[in-house]
Amino acid sequence: MGEWTLGLDAPWFLVLLAALPLMWWWSFRRLAVLGPVRQWLALIARSVVWTLLVLALAQPQLIRRSDQMTVIFLLDQSLSIPQQQRRQMIRAVNQAVARHRRGSDRVGVIVFGRDAALELPPLDESLQLPEQIESLINPESTNLEAAMKLAAASFPEGTMRRVVIISDGSQNLGNAVAQAQLLAQAGVAIDAVAVHYPPTGEVLVERLVVPNQVQRDQVFELRAVVTNTGQSPVPGRLELYLRSGGRMQLLT
């Protein structure tokens, strides 16, 4: 539901209406030769034309104010967030929809990692997400900017707009801050919910040390510098691949 109101994009032009009395005074004496009836008709016509010209300069707009809300949840599904927390995100969204959705409010869900996908388009129904995300995304990075761009393109017309970001904030692709500023300038409200989980260690390959030049069939030494950021040993396997002729070959 909503109501229509009249707005002006350049209301300062309305000050020109103050010139109407001056125009009447100037025109009244010069139109006296027309006779009383034609004189007043000419004054009225000039006043109407002047008023319409001023209103055109003020750029009137018919604005529809709506109390219908569209909320799009942005769920971080990257590998930096443990699977248990990703399931809790979905449960939190379902609880929020069941508790806060009113009337014809719309709710949508976007999931993102390296890319973003529309898991649930904005619908005016109280749908519940299954715990298993169906959209196929690359979870190896976090690109919040892509998710916000997709949200901006997914909002329907004629409703208030809000995005709710649920993420650990570990962005490594895109510029989320710049995109958030664009959304705010477009009138989109933004809420953020931080995902908390026990810190876990990561195993990072910091660099590979190889000779600058090697000859064909020459045996050479390759050293990998690997760092475990956790507090306890982490089991794993290091595999090295060689690209040859456009193909990847596992080195044994």
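Entry 1: I started with Asp 168, whose side chain makes a polar contact of 3.0 Å with the side chain of Ser 80. For the record, a polar contact is a pair of N or O atoms within 3.5 Å; within protein, one must be able to donate a hydrogen and the other to accept it, and residues adjacent in sequence count only if both atoms are side-chain atoms.

A note on the source: this is a predicted model, where local features need pLDDT of at least 70 and side-chain atom pairs count only at pLDDT 80 or more, while totals for chains, interfaces and linings use all residues. Residues are numbered from 1 along each chain as its sequence is written, and side-chain values use heavy atoms, with hydrogens and water left out.

**Entry 2: where Asp 168 sits.** I found Asp 168 in the loop between strand 6 (160-167) and helix 5 (176-185). Helices (H or I, at least four residues) and strands (E, at least two) are DSSP runs, numbered from the N terminus.

Which residues touch Asp 168, leaving aside its neighbours within four places in sequence? I listed Asp 76, Ser 80, Ile 81, Val 195 and Tyr 197, with contact meaning heavy atoms within 4.5 Å.

Next I checked its charge partners. Asp 168 is buried but has no salt bridge, and the nearest side chain of opposite charge, Arg 86, is 9.1 Å away. Buried means under 20% relative accessible area, exposed over 50%, partly exposed in between (1.4 Å probe, protein chains only). A salt bridge is a side-chain nitrogen of Lys or Arg within 4 Å of a carboxyl oxygen of Asp or Glu. On charge, Lys and Arg count as positive and Asp and Glu as negative; His and the chain ends are not counted.

Entry 3: I then followed strand 6. Strand 6 pairs with strand 3 (residues 69-76) in the parallel sense over 7 bridges, where pairing requires that DSSP finds at least two bridges between the strands. Within this pair, Leu 75 stands opposite Ile 166.

Strand 7 (residues 189-194) also pairs with strand 6 in the parallel sense, over 6 bridges, and Ile 190 is the bridge partner of Val 163. The chain gets from strand 6 to strand 7 through helix 5, in a right-handed β-α-β crossover. That label applies if, with the strands pointing away from the viewer, the path from the first strand over the helix to the second runs clockwise.

**Entry 4: the salt bridges.** How many salt bridges does the structure hold? I noted 3.

- Asp 191 and Arg 162 meet at 2.7 Å, N to O. Asp 191 lies in strand 7 and Arg 162 in strand 6, so the pair ties together parts that are 29 residues apart in sequence. Asp 191 is partly exposed at 32%, and Arg 162 is partly exposed at 26%.
- Glu 145 and Lys 149 meet at 3.3 Å, N to O. They are 4 residues apart in helix 4 (residues 144-154), which means about one helical turn separates them. Glu 145 is buried at 18%, whereas Lys 149 is partly exposed at 46%.
- Asp 105 pairs with Arg 102, with the closest N and O atoms 3.7 Å apart. Asp 105 is buried at 9%, whereas Arg 102 is exposed at 54%.

**Entry 5: the whole chain.** The chain has 5 helices and 11 strands, and 28% of its 252 residues count as buried. Of the contacts with a separation of 6 or more, 69% come from residues 24 or more positions apart.
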